[in-house]
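Trainee: I am new to this structure. Please take me through one part of it closely, then show me how that part sits in the rest.

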Amino acid sequence: MDCLPHFRREILAFEAAARRAAGADAAPLVPSCPAWSVSDLVAHLGGVQRFVAHVIAERLQEAPDALANLIARTPSAALDLTFLRLPADTTGWPLPEQEPNRGPVPQTLVDWFADGASALESLFAGRDPAERVWTWSQEQSVAFWMRIQTIEAAVHRWDAENALGAARPVDAGLAHDAVGQALDVMAPARRAWTKALRGAGERFRFRRTDGPGAWTVRFDGDDVRVGDDGGPCDVELAGTASDLMLFLWHRLPADRLDAVEGDPAVLDRYFALVPPV
């Protein structure tokens with residue numbers, strides 16, 4: 001899948017939602033990210049995208065020192081965070097210790113996001129996707145960052161629109177790809193990053209209803225095995241590609257999808273096996 005057109009569409013839609021929010025007297029809360037307002041969401045996505053741009057632009061082969069602080073959103077004066085390219089005037093910008101920040105969304109914050117997103121898009125367009133750079137995954141390439149950042153932009157665009165009361169679904173092709181990413185890459189990563197429940201042979205099937213696509217995932221101890229062999233499962237969840245993606249990214253509850261077959265109690269275990277981070 002060519003991620004670049006999807007990335008461009010999603011960052012422009014996110015920016016549009018952020019600018020609509022900036023017209024309000026207070027930053028709307030983000031229901032799908034309970035600790036955040038739209039200001040916090042803009043700061044988060046803008047910071048992540050500038051971090052990724054820094055990795056690609058500098059062709060870094062190892063994790064930058066700023067990684068832990070960026071994830072924790074607690075910058076330290078001892079670390080070089082110049083890659084964020086903050087403007088001289090950050091009046092009204094959100095502070096991590098005050099989340100959710102409810103003051104008006106600053107236009108300067110949205111401008112900063114837009115500039116950083118455009119710079120990352122240019123890097124994605126100008127680099128060989130196979131070029132080796134550091135990532136948190138086993139796949140060490142620009143292509144990995146392009147794929148995961150396209151998905152992250154889509155998820156957070158949905159968050160921002162949802163905060164304003166009208167979230168559009170994710171493009172079906174992108175969502176289909178994101179379901180595979182959630183199971184093949186994110187599920188093992190989230191289990192490694194957290195104190196996840198050990199698997200006991202649970203089998204989950206996710207079936208797409210708006211096109212071809214079915215994924216079966218089995219949890220055995222610490223192993224995650226993905227592949228649809230058509231065999232019996234403990235529970236099957238069916239929905240559009242967008243709804244399945246948003247469920248796997250903790251945005252939609254199972255009862256918002258088209259159908260659940262099997263034992264719903266086993267479905268409740270999925271996020272104990274794949275905890276949010």
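Trainee: Which helices do the buried residues of H1 pack against?

Mentor: The buried residues of H1 pack against H2, H4, H5 and helix H6, which covers residues 172–193. Keep in mind that this is a predicted model.

Start with H1 itself. Its 19 residues should span 27 Å at 1.5 Å a residue. The end C-alpha atoms of H1 are 27 Å apart, so the helix agrees with that expectation. The buried residues of H1 are Cys3, His6, Phe7, Glu10, Ile11, Ala13, Phe14, Glu15, Ala17, Ala18 and Ala21. Look at how those numbers step along the helix. An α-helix has 3.6 residues a turn, so residues three or four places apart point the same way.

Now pick one residue. Glu15 is found in H1, which runs over residues 3–21. Glu15 counts as buried because its relative accessible area is 17%, and the cut-off for buried is under 20%. What does Glu15 touch? Leaving aside neighbours within four places in sequence, Glu15 is in contact with Val110, Phe113 and Ala114. Val110, Phe113 and Ala114 are among the buried residues of H4.

That takes us to H4. Helix H4 covers residues 107–126 and has 20 residues. From first C-alpha to last, H4 reaches 29 Å, close to the 28 Å expected. Its buried residues include Leu109, Trp112, Gly116, Ala117, Leu120 and Phe124. The buried residues of H4 pack against H1, helix H2 (38–57) and helix H5 (142–163). So far the picture is built from contacts between helices. Here is another residue of H4. Asp111 lies in this helix. At 35% relative accessibility, Asp111 counts as partly exposed. The C-alpha atoms of Asp111 and Arg19 are separated by 9.1 Å, although the two residues are 92 apart along the chain.

Gly103 sits in the loop between helix H3 (67–72) and H4. Gly103 is partly exposed, with a relative accessible area of 36%. Gly103 and Lys195 are also 92 residues apart along the chain. Their C-alpha atoms are separated by 35 Å. Not counting residues up to four places away in sequence, Gly103 touches Ala26, Ala27 and Ser39.

Most residues other than glycine have a negative phi, and most peptide bonds are trans. A cis peptide bond joins Glu99 and Pro100, with omega about -5°. Pro100 is placed in the loop between H3 and H4. Arg85 is in the loop between H3 and H4 too. Arg85 has a positive phi of about 50° although it is not a glycine. Arg85 is exposed, with a relative accessible area of 65%. Arg59 also has a positive phi, near 55°. Its place is the loop between H2 and H3. At 44% relative accessibility, Arg59 counts as partly exposed.

Next, the core. In soluble globular proteins, nonpolar side chains tend to be buried together. The largest nonpolar core here has 80 residues. Those with the most contacts inside it are Trp145, Phe204, Phe206, Met245, Leu248, Trp249 and Tyr270. H5 gives the most to this core, with 12 residues. Take Met245 as an example. Met245 touches Ile151, Ala154, Val155, Val170, Ala175, Ala178 and Val179, not counting residues up to four places away in sequence.

Cys33 is buried, with a relative accessible area of 11%. Cys233 counts as partly exposed, at 25% relative accessibility. The count of disulfides comes to zero.

Finally, step back to the whole chain. Its secondary structure comes to nine helices and five strands. From the N terminus on, the elements run α-α-α-α-α-α-β-β-β-β-α-β-α-α. With 277 residues, a compact globule would have a radius of gyration near 19 Å, and the chain agrees, at 19 Å. The C-alpha atoms fill a box of roughly 60 × 40 × 35 Å along the principal axes. Of the 277 residues, 51% count as buried. Among contacts between residues at least 6 apart in sequence, 68% join residues at least 24 apart. The accessible surface comes to about 12600 Å², and 52% of it belongs to carbon and sulfur atoms.

Note on methods:
Residues numbered from 1 in each chain as written. Predicted model: local features only at pLDDT ≥ 70, side-chain atom pairs only at ≥ 80, totals over all residues. Heavy atoms only, no water. Helix = DSSP H or I, 4+ residues; strand = E, 2+ residues; numbered from the N terminus. Buried < 20%, exposed > 50% of the residue type's maximum accessible area, 1.4 Å probe, protein only. Contact = heavy atoms within 4.5 Å. Expected span 1.5 Å × (residues − 1). Core = buried A, V, L, I, M, F, W, Y, C linked by side-chain atoms within 4.5 Å. Rg over C-alpha atoms; globule rule 2.2 N^0.38 Å. Areas by Shrake-Rupley, 256 points an atom, 1.4 Å probe, with all protein chains shown as cover. Disulfide = S-S within 2.5 Å.
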